[in-house]
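Hi,

Here is the structure I promised to send over. Have a look at it first, and then read on for what turned up.

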Amino acid sequence: ETLCVALQEAVEDRDRRHNLLKELCERLRFHFCTEESMMEIFSYPESQEHRKVHLEILKSFESYKDVNLTDADIKKLREQPMQAILEQIHSQDVRFAACIKKNKERLGIP
């Protein structure tokens, strides 16, 4: 969340934006990879759809790294990062968490 706020504040500084986006993408990749591994372990039935959303989020952030931004791009980037992540969490991660909880109980995992 701190990276997203920093990104939103630095969006007009191309070098800082590039570095923040790079760090954010690295952290997201790690998070998504971990989450996708858990999906595989728990045989999550919606894993393919969930992975597609992860890729879309990464592509969205990476698309802003090295471009000259228009005013509309700047506005979108200021508003989008947190929105995209929160939408993904609310729409998909909540369902995944419920699946894990259900499987943990079934498998006798505390």
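A quick definition before anything else: I call a residue buried when its relative accessible area is under 20%, exposed when that is over 50%, and partly exposed in between. Bear in mind too that this is a predicted model.

Let's start with helix 3, which covers residues 47-62. Its exposed residues Gln-48, Lys-52, Glu-56 and Lys-59 sit on the face turned away from the buried side of the helix. Which residues of helix 3 are buried? They are Ser-47, His-50, Val-53, His-54, Ile-57, Leu-58, Ser-60 and Phe-61. Looking down the axis of helix 3, you find these buried residues within an arc of 160 degrees, so they line one face of the helix.

Now for the charged pairs.

One is between Arg-51 and Glu-36, whose side chains meet at 3.7 Å, N to O. Arg-51 belongs to helix 3 and Glu-36 to helix 2, so this pair ties together parts that are 15 residues apart in sequence. Arg-51 is partly exposed, at 22% relative accessible area. Glu-36 has 18% relative accessibility; because that is under 20%, Glu-36 counts as buried.

The other two both involve Arg-95. Its side chain meets that of Glu-46 in a salt bridge of 2.9 Å, N to O. That pair links distant parts of the chain: Arg-95 is in helix 4 (residues 71-107), while Glu-46 is in the loop between helix 2 and helix 3, 49 residues apart. Arg-95 also forms a salt bridge with Glu-49, this one at 3.8 Å, N to O. Here the link runs from Glu-49 in helix 3 to Arg-95 in helix 4, 46 residues apart. Through these shared partners, Glu-46, Glu-49 and Arg-95 are joined into one network. As for accessibility, Arg-95 is partly exposed at 35%, Glu-46 is partly exposed at 28%, and Glu-49 is partly exposed at 43%.

Next, Met-38, which is found in helix 2 (residues 14-41). Which residues does Met-38 contact, leaving aside its neighbours within four places in sequence? Those are Phe-96 and Ile-100. Ile-100 is 62 residues from Met-38 in sequence, yet their C-alpha atoms are 8.7 Å apart in space. Met-38 has 32% relative accessibility, so it counts as partly exposed.

A search of the whole structure finds zero of them. For Cys-99, the nearest cysteine sulfur is that of Cys-33, 18 Å away. Cys-99 is buried, with a relative accessible area of 14%, and Cys-25 is buried too, at 0%.

Cheers

How values were computed. Residues numbered from 1 in each chain as written. Predicted model: local features only at pLDDT ≥ 70, side-chain atom pairs only at ≥ 80, totals over all residues. Heavy atoms only, no water. Helix = DSSP H or I, 4+ residues; strand = E, 2+ residues; numbered from the N terminus. Buried < 20%, exposed > 50% of the residue type's maximum accessible area, 1.4 Å probe, protein only. Contact = heavy atoms within 4.5 Å. Expected span 1.5 Å × (residues − 1). Arc of directions from axis to C-beta. Disulfide = S-S within 2.5 Å. Salt bridge = Lys/Arg side-chain N within 4 Å of Asp/Glu carboxyl O.
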